[in-house]
Amino acid sequence: KPIRNDYLASLCGLSTVYFRKLFVEVFASPPINYIHAVRIRKAKENLHVESEEQFVSLPFVVTNNNYY
C-alpha cells in the first residue's frame, strides 16, 4: 500500500514540504527511500523466518515414515 508524504506530514501536523525537508535532515534520505529500505528489510526477515520453518520441518518429514 502506498504511503504518501502528505499522509505522513498530516500525522506529524506539518506541511508536506516541511515534513520532507525535516525528514531528509534527520535521516539523510527522502521518506520514500526510507520506506523502501524498511519494506525490503522486513521482506528479508520474513524470507529468513520462512526458510527456517521449512528447514525445521524437514527432519520430521524425513524421519517420519507415516508422513506419506
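The largest pocket is lined by Ile3, Leu8, Phe19, Phe23, Pro31, Tyr34, Ile35, Val38 and Arg39. The model examined here is a predicted one, and the volume of this pocket comes to about 150 Å³. Sorted by class, the lining comprises eight nonpolar residues, no polar residues and one charged residue. Helix α3 makes the greatest contribution to the lining, with five residues. Both α2 and α3 provide at least two lining residues each.

Helix α1 covers residues 5-12 and helix α2 residues 16-27, while helix α3 extends over residues 31-63. Of the 68 residues of the protein, 12% are classed as buried.

The largest nonpolar core consists of five residues, namely Leu8, Ala9, Phe19, Phe23 and Ile35. Helices α1 and α2 each contribute at least two residues to this core. When residues up to four places away in sequence are set aside, Ile35 is in contact with Ile3 and Leu8.

Four aromatic pairs are present in the structure. One of them joins Phe23 and Tyr34 in an edge-to-face arrangement, with 5.6 Å from centre to centre and 75 degrees between the planes. Phe23 belongs to helix α2 and Tyr34 to helix α3, so this pair ties together parts of the protein that lie 11 residues apart in sequence. The two partners are assigned to separate accessibility classes: Phe23 is buried, because its relative accessibility of 12% falls under the 20% limit, whereas Tyr34 is partly exposed at a relative accessible area of 37%. A single aromatic cluster is formed by Phe19, Phe23, Phe27 and Tyr34.

The loop between α2 and α3 includes Ala28 and Ser29. Ala28 has a phi angle near 55 degrees, a positive value in a residue that is not glycine. At 70% relative accessibility, Ala28 is exposed. Ser29, by contrast, is buried, with a relative accessible area of 17%. Leaving out residues up to four places away in sequence, Ser29 touches Phe23, Val24 and Tyr34. Ser29 therefore counts as buried at 17%, and its contacts include both members of the edge-to-face pair described above, Phe23 and Tyr34.

A further spatial relation involves Lys21, a residue of helix α2. Lys21 is partly exposed, with 46% relative accessibility. Between Lys21 and Pro31 the C-alpha to C-alpha distance is 9.8 Å, and the two residues are 10 positions apart in sequence.

How values were computed:
Residues numbered from 1 in each chain as written. Predicted model: local features only at pLDDT ≥ 70, side-chain atom pairs only at ≥ 80, totals over all residues. Heavy atoms only, no water. Core = buried A, V, L, I, M, F, W, Y, C linked by side-chain atoms within 4.5 Å. Buried < 20%, exposed > 50% of the residue type's maximum accessible area, 1.4 Å probe, protein only. Helix = DSSP H or I, 4+ residues; strand = E, 2+ residues; numbered from the N terminus. Contact = heavy atoms within 4.5 Å. Phe/Tyr/Trp six-rings, centres within 6.5 Å; stacked < 30°, edge-to-face > 60°. 1 Å grid on protein atoms, 1.4 Å probe; cavity = no way out; pocket = protein on both sides within 12 Å on 5 of 7 lines; lining within 4 Å. Points joined across faces, edges and corners; volume = space filled by probe spheres on them. Nonpolar A, V, L, I, M, F, W, Y, C, P; charged D, E, K, R; others polar.
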